[in-house]
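Try each task before you read its solution.

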Amino acid sequence: MHDMTWWQAMIGKTPGVVIEGMHQMTCTREAWADWIACENEYARGDRTAVKAGALDYLNTIAVTLVKG
C-alpha cells in the first residue's frame, strides 16, 4: 500500500508512459464496507483492522495514463 507520491515516482520511471492525472477517490469507505461484508476468508480477516480504524490510513487512488 502506497501513497500518491510513491505511485508518481514509480510510474514516472516507466518508459513510454505519461501520467495524465492522479487523484484520491471518494469510494474508499464504501468499497471497504462492501469488502468486509462478504464472506471471503481474507475479508473476514480484514474486519478487525477496519474496526480498529485502519480506514483512517487508507485511500483509493485513480490514475489515468497515456502510453506514448
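**Exercise 1.** What percentage of the 68 residues in the chain is buried?

*Solution.* Note that this is a predicted model. Next, apply the cut-off: a residue is buried at under 20% relative accessible area. Buried residues then come to 12% of the 68 in the chain. The accessible surface of the chain is about 5,300 Å². Carbon and sulfur atoms hold 56% of that surface.

**Exercise 2.** List the secondary structure elements, then judge how spread out the chain is.

*Solution.* Count the elements: there are 3 helices and 2 strands. Read from the N terminus, their order is α-β-α-α-β. Now take the radius of gyration, which is 15 Å. The globule rule gives 11 Å for 68 residues, so the chain is more spread out than a compact globule. Check the spans too: the C-alpha trace covers about 40 × 20 × 20 Å along its principal axes.

**Exercise 3.** Is threonine 28 buried or exposed? Find its contacts as well.

*Solution.* Locate the residue: threonine 28 lies in helix α2, residues 28-37. Its relative accessibility is 7%. The cut-off for buried is under 20%. Therefore threonine 28 counts as buried. Now set aside neighbours within four places in sequence: threonine 28 touches Leu58, Asn59 and Thr60. With threonine 60 there is a polar contact between side chains, at 2.7 Å.

**Exercise 4.** How far apart are the mean positions of the positive and negative charges of the chain?

*Solution.* Count the charges: 6 are positive and 8 are negative. Their mean positions lie 4 Å apart.

How values were computed: Residues are numbered from 1 along each chain as its sequence is written. This is a predicted model: local features need pLDDT of at least 70, side-chain atom pairs count only at pLDDT 80 or more; totals for chains, interfaces and linings use all residues. Side-chain values use heavy atoms; hydrogens and water are left out. Helices (H or I, at least four residues) and strands (E, at least two) are DSSP runs, numbered from the N terminus. The radius of gyration is taken over C-alpha atoms; the globule rule is 2.2 Å times the number of residues to the power 0.38. Buried means under 20% relative accessible area, exposed over 50%, partly exposed in between (1.4 Å probe, protein chains only). Accessible areas come from the Shrake-Rupley method with a 1.4 Å probe; for residues, only the protein chains shown count as cover. Lys and Arg count as positive and Asp and Glu as negative; His and the chain ends are not counted. The place of a charge is taken as NZ of Lys, CZ of Arg, CG of Asp or CD of Glu. A polar contact is a pair of N or O atoms within 3.5 Å; within protein, one must be able to donate a hydrogen and the other to accept it, and residues adjacent in sequence count only if both atoms are side-chain atoms. Contact means heavy atoms within 4.5 Å.
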